[in-house]
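Work through the exercises below with the sequence and the model in view. Each task is followed by a solution in steps.

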Amino acid sequence: MTPCKVQFVARPGGRLRGSLRVPGDKSISHRSVMLGSLADGTTRISGFLEGEDSLATLRAFRAMGVEIDGPVEGRVSVHGVGMHGLKTPEGALDLGNSGTSMRLMSGLMAGQGLDVTLVGDASLSGRPMKRVTVPLAQMGADIETSPGGTAPLRIKPVEGLSGVDYEMPVASAQVKSCLLLAGMYADGETCVAEPAPTRDHTERMLQGFGYAVRREDNRACLSGGGRLTACDIDVPADISSAAFFLVGASIAEDSDLLLQHVGMNPTRDGVIKILRLMGADIEVKNRREVGGEPVADLRVRSAPLRGIRIPEDLVPLAIDEFPVLFVAAACAEGETVLTGAEELRVKESDRIQVMADGLQALGVDARPTRDGILVRGGNIAGGRVDSHGDHRIAMAFTIAALRAGGAITIDDCANVNTSFPRFVQLASGVGCRVESRDA
Ligand code: S3P
């Protein structure tokens, strides 16, 4: 982590025009390094997200002996070591702020026969890990957590794993992916059932690497003992990063913005559906498929938004986009109500509380509830908000300034680099009036 705190100052107003391609998808970038490392042959990745989270995954696999070239302008070559080729790293693997690295790697490492400890920063060390260690223990893994069920995670060697048929209590792609990755090392079949659809990048990418995954209704299943064959991966732009500009160009007057090559996986496009229900003008152009993932260009123009009751079935499909959706709600006419989103309380920060605090500091009527929030649209004043080191909160309040009455100062923004390197430059390039400074 950077020793001096980074602060954003976003001056009010501005319009978003032109076109941009936001950085590569974080979920797909993590998975490309993980599967590439275990594959036979060299996996060539383009569009890799050079953010701190995916770089943490990349460094972890390097520390386990995988030769990885790059990233150079988003290009990475991973020289796979095969399913059993990883080596014990010298020290603990530091996964920084990245929940995806920790949860997916706990499964992937459980069957390796290595003694490995996974650590993270203060935020990651406070996040729940029992959701992965409990089902992994059912498979025969031996993983020690802190007494509170959090990192550090010490993964100890075991004789072998056995497949499970696991019904997830929460709709989590990280838990599903963790168990499928462990399942590759288990005897027999591993099946994971989800209470609602969650992002399916792991299943798609496993198939791309030649590892069969069976889908039936709400279950994904695979059999242990297979192999992965290297392939080429073109990582689309991250819809979660594009979301800031989808909202920004909707709320800023006189805006017309083209977002290029955006990942449009149907398990990720809830933000578009929610914004359209609110009245947003988003045109999907040039739909295509790139390496097993749907991609499109998105043209978004200013539109008056209205408050809605967000359908609960869209919540897992937009789970990372709520901070900026709350900003859209603050600019909408009427009330927006979110329910069924208690998962937001255990993200990089408690996103319900932290967003409610920040919006209230800017004079917005925002009331947190146990599992969501109620936001009444109105004026956004200038002021100072604390992102609590949460990248998506910092970027959401930068976007809020487009419609604010005064400047918004946002504290603790260094972690924007976890998912969106060069955010300030890219946002400024299309019309945001934001600067970053050391505080
Ligand atoms: C992710 C899954 C989601 C999401 C996270 C990335 C993934 O987490 O919030 O940013 O890459 O699998 P949950 O599985 O905890 O919902």
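Helices (H or I, at least four residues) and strands (E, at least two) are DSSP runs, numbered from the N terminus. The model is predicted, so local features need pLDDT of at least 70 and side-chain atom pairs pLDDT 80 or more, while totals for chains, interfaces and linings use all residues. Residues are numbered from 1 along each chain as its sequence is written, and side-chain values use heavy atoms, without hydrogens and water.

**Exercise 1. Backbone exceptions**

Next, turn to phi. Asn286, in strand E18 (residues 281–290), is not a glycine, yet its phi is positive, about 55°. Arg422 is not a glycine either and has a positive phi of about 65°. Arg422 lies in the loop between helix H12 (416–419) and H13.

**Exercise 2. Aromatic pairs**

Classify the ring pair Phe244 and Phe423, then the pair Phe322 and Phe326.

Solution. Rings of Phe, Tyr and Trp (its six-membered ring) pair if their centres lie within 6.5 Å; planes under 30 degrees apart count as stacked, over 60 as edge-to-face and the rest as tilted. The structure holds six such pairs. For Phe244 and Phe423, the centres are 6.4 Å apart and the planes meet at 70°, so this pair is edge-to-face. The pair links distant parts of the chain, 179 residues apart: Phe244 belongs to helix H7 (residues 239–251) and Phe423 to helix H13 (residues 423–430).

For Phe322 and Phe326, the values are 6.1 Å centre to centre and 35° between the planes, a tilted pair. Both lie in helix H9 (residues 322–330), four residues apart, about one turn of the helix.

Finally, look for a cluster: Phe8, Phe244, Phe245, Phe420 and Phe423 form one.

**Exercise 3. Buried or exposed?**

Sort Phe244, Phe423 and Arg422 by relative accessibility.

Solution. Buried means under 20% relative accessible area, exposed over 50%, partly exposed in between (1.4 Å probe, protein chains only). Phe244 has 1%, so Phe244 is buried. Phe423 has 2%, so Phe423 is buried as well. Arg422 has 52% and therefore counts as exposed.

**Exercise 4. The largest pocket**

State which residues lie nearest the centre of the largest pocket, and how its lining divides.

Solution. On a 1 Å grid over the protein atoms alone, a pocket is an open set of points where a 1.4 Å probe fits, with protein on both sides within 12 Å along at least five of seven lines; lining residues have an atom within 4 Å of a point. The lining has 39 residues, and Ala171, Ser172, Ile319, Glu343 and Lys347 lie nearest the centre. Helix H1 (26–38), helix H3 (99–110) and helix H5 (173–183) each give the lining at least two residues.

Definitions and conventions:
Nonpolar A, V, L, I, M, F, W, Y, C, P; charged D, E, K, R; others polar.
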